Each structure stands twice: as structure tokens, then as C-alpha cells.
Amino acid sequence: MSNFEHYRDLIFVLTQKEIKVRYKNTVLGYLWSITNPLAFAFVFFIAFKIIMRIQMEDYALFLIAGLFPWQWFANSMNASPMVFLGNASLVKKVNFPRNIIPFTMVLQDMIHFVLSIPVIVLFMFIYHKSPALIWIYGIPLLLCIQFLMTYGLSLIVSSVNLFFRDLERVTSIFMMLLFYFTPIIYPETMIPDKYKHWVYLNPVSALMISWKNLFLNGSLEMSSLLLSLGYSLLALFAGYMVFGRLSRRFAEVL
Amino acid sequence: MKEPVIVLDNVSKSFPVYHHITGGIKNFLFNLPKALNSMRNNRFEALKAISFKVHKGETLGIIGRNGSGKSTILGLIAGVLKPSGGTVIVQGRVAPLLELGAGFHTELTGRENIMLNGVLLGLTRAGVLRKINEIIEFSELGQFIDQPIRVYSSGMLARLGFSVVSSLDPEILLIDEILVVGDINFQKKCIDRMNGFKKRGVTTVFVSHSMADVERTCDRVMWIENHSVKMIGKPDEVIAQYSKATA
């Protein structure tokens, strides 16, 4: 039996497991995937459009186009600390490629995101916009970039959390900060000039901006694309370094 | 005598005492000097200079008090732990028998869990599909096989787990204190299946606190005391000595 075949089947059954569990009760499962970002969008819409009266057209659509991809990233990152810890008995006893566990976790969140794209399209129709042809390669491209970045960061968080068990709390605080420092609920054009360059130090900024431009304007900007690709490769590299160092010790610490 | 398939030669295993860091970052930072010092100097010795061989088709029992290092030996053989010193040589496909419900998902049916567990333990999907009827039949779960396993009793879970592992066609089987669950009939079936393995030349390493099970199934028994081998030999002799020491 080849290694590749086994890898492929492992990823397949583990992902299928999560998808099956989530959608066993089809309608409810789907609702859970989209309720969270929709509720967020609703809250921000009330706060910023109705109360603070932000000067932006189609603000609801703008929120949804940013919050859905963010939700994928946030779900994966917030689940990361527990992925190895939650599978302790497997990690302790079975000698299989452990990076498969965070890999399938991120993959499964990606699938939930892809399945929620029709909701974005629905909102586009409400605002008299329509999907662009560029989506055909734009979406897969951004999916790949975000997958690599999320997977890389998830490897770090999940591995380190086995040693420092309170990393989970740090992660959730960090994710909250990251959310407000990323142009998701506000456009990057509103950031004052003197802070503007800082936003690109944030590894997910360029990516989230790309998603929004792709959904709202049907455009892909090369510079944002390359910047996010750069960050995602960096995250992947760092992820493998940390995982490679620590994975030998997983069974000792569990 | 047949060739050895598991060889542990002068193997020791120690690891840093992790409790300073698993207490969390906050704890670690507030006790930084102490924590660093302890990590550098304090190592827990789980095994000291262990040597033994297991031959093809043999069933080796490992007995000893809690915390003496029995499970660490299984970890080394399974390859999830790396030795700190000495060499571990294992030839053949290793299948560990997992504890109750590990690698199962409670919302999935028995059938879906067989697929999940089989692939986790090293089969391909096609491989599991070829064997699934045999596995279901052996598990004696009947109608329950298409129910989510959250409705299973612990005995039924154990049956499902053992059925998957025993169909893996393993060359080396690792069992860590597991046969105690299930009713008498199924226990007997498990012992039969293990004897069947033995006939086919499957090597088994069996950790247990049940002296009756060890005596019934093992060809040789190793007694681990204080992280090293205290005695290794015929089941009745080793068990007699062990019982005398612990009584």
C-alpha cells in the first residue's frame, strides 16, 4: 500500500466524518454554518450603519463579503488549540502523520465556507450586483492562499498548545484583536494615512481585502495577491518548522 | 527458534518534566527561573536500559505496577515515542488496540466508524470496504451497526473496536489492558481470535493487570519493576514471583 494512497484516504475519511456530522441534519447543519457570520453582520450593520451612520453604500453586502472568509479563518484558528489535545488517545498510540488532523480541520472549515458562498451571491442580487467571470479562477486562488496560511498557523498553535495548555485563551484574545486590526468591517481607505502602512504588517489584511474586492468589484489586485501568498508561504514554513520540532514529543507530553 | 521481530536493545527513555509548562504560559512566566532550571535538570526516567526480544508469532505479556513503564514500552514499539538511548527495531505492520471509543465519533453509525477507524489504523478505504462484512459479522452488533454509536453500551463499543483491529491483518498487535470489557462470550471470542492470530504467526504484546488473561494467552511474560526488567520467562514462574512480591 502506497503512502500517498493512505494519506489521501485519511484526509478523505476524516473530512467526510466532520462534514457528515455537521450536515446529518441537513437544514440545521447548513444554518449553523451561516448563522454566525450573518449575526455578526447584523450587529455591525446596526452599530455602524444605523447608529454611527458610516458613509458607505451597500454596507451590508460589504460586511458579508468580509465576514464569511474571516469566519473560516477564525473558526479554524479557534479550534486549533484543541485538535491534538482532543485526539490524545490517537496521538499517543497510533503512528500516523499527525499533521493530517489540523489539515482536515482547516479543509473542513474551508468546505463550510465554500458552501456559504451562495449566501453572498444572494445578497449581491439583493443589491443588484452579479457574480463576475473572474471568480472562476479568483475564488480557487484565494481559497488556496487562505488554506495554506490557516493550515500553517494552525500547525503552530495546535503543536504549541500541547506544551502550553493555556495558549487557547491567548489565541482567542489574539483573534479578537486581529479581527479589529483587519479591514473587515471598515474599508482600508478609511484608515488614516499615517497608520495605513501598518495594516499590511497584519498577515491577513491583504487576503481579506482581496476577498472583498473579488466579491464586490470582481477584481483581483496583483500586489495584494502576492503579499498574501508571501505571508501564507511564510506561515506554512513556520508551521512545518514548529510541528517538525515538536511532533516527536507529542506522545511524551500527552 | 524463529527470528525476532521486535528487538529492544539497552533502551532507555526519559523525558523532561513537563508540568511546569503544561500549567500554562502564565505559570511558566511567573516561575521562569524555577521552570527553566527544572526543565534542564529534571528528567523523568520512564525506562532504564531495557533489553528484550519478541520472536515472530510469540505472545509476550507485560506485567507490573502502575507507572512502572509498561505503556511506554508499547509506545516505543508503536513508534509514537523515540528512545532516548539504545535501539528499537520493529519489523512488520503494527496495529495498536485503542482504548474504548478512541478514534470513533459518537454521532456516526457503527458502519461509518469502522471506515474511520480502519483508515486511521492504516488500511485504505478500499481495504476496509473489502472487509466490512466480516468486521460487522464478528462484532455481533446486528441492527445496531447502522445506529449512531452514542447509543452503544461500553461492551458494544469494545466489540466494535476489537472487531476492526482484529481484521486489520496485523503482523504485530499491541494490546493495552482492554479485554476486560464485553460479556463472557465475546471475551472468549476475542481470546479465540487471538489464538487464531498466533497460529497465523502474528506477534502480540499484551499489557495487562489480569494475571488470568496473561497466563491464558502469553508464551512469555516480562515483569517491569521500577522502570527496568525485573524478570522475564515462563508465565507461571513470573506470575508466581510477581504475585508473591505484590501480596
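A residue counts as buried if 20 or more other C-beta atoms lie within 10 Å of its own, and as exposed if 12 or fewer do. The exercises below use a predicted model.

**Exercise 1.** Determine how many residues of strand β4 of chain B are buried, and where the strand pairs.

*Solution.* Strand β4(B) covers residues 85-90. Of its 6 residues, the number buried is 0, so β4(B) lies largely in the open. For its pairing, look to strand β1 of chain B, residues 4-16: the two strands run antiparallel and share 5 bridges. Within this pair, B:Gly85 of β4(B) stands opposite B:Ser12.

**Exercise 2.** Check the length of helix α10 of chain B, then sort its residues by burial.

Next, the burial. B:Val238, B:Ile239 and B:Tyr242 are the buried residues of α10(B). Viewed down the helix axis, they fall within an arc of 95°, so they line one face. An α-helix has 3.6 residues a turn, so residues three or four places apart point the same way. On the face turned away from the buried side are the exposed residues B:Asp236, B:Glu237, B:Ala240 and B:Lys244.

Last, the packing partners. The buried residues of α10(B) pack against β3, α9, β8 and β9 of chain B.

**Exercise 3.** Describe the side of chain A that touches chain B.

*Solution.* Count first: 28 residues of chain A contact 31 residues of chain B. Helix α1(A) gives the most to this side of chain A, with 9 residues. By class, the side has 14 nonpolar, 3 polar and 11 charged residues.

Terms used:
Residues numbered from 1 in each chain as written. Chains lettered and ligands numbered in written order. Predicted model: local features only at pLDDT ≥ 70, side-chain atom pairs only at ≥ 80, totals over all residues. Helix = DSSP H or I, 4+ residues; strand = E, 2+ residues; numbered from the N terminus. Pairing = 2+ DSSP bridges. Expected span 1.5 Å × (residues − 1). Arc of directions from axis to C-beta. Contact = placed C-beta atoms within 7 Å. Nonpolar A, V, L, I, M, F, W, Y, C, P; charged D, E, K, R; others polar.
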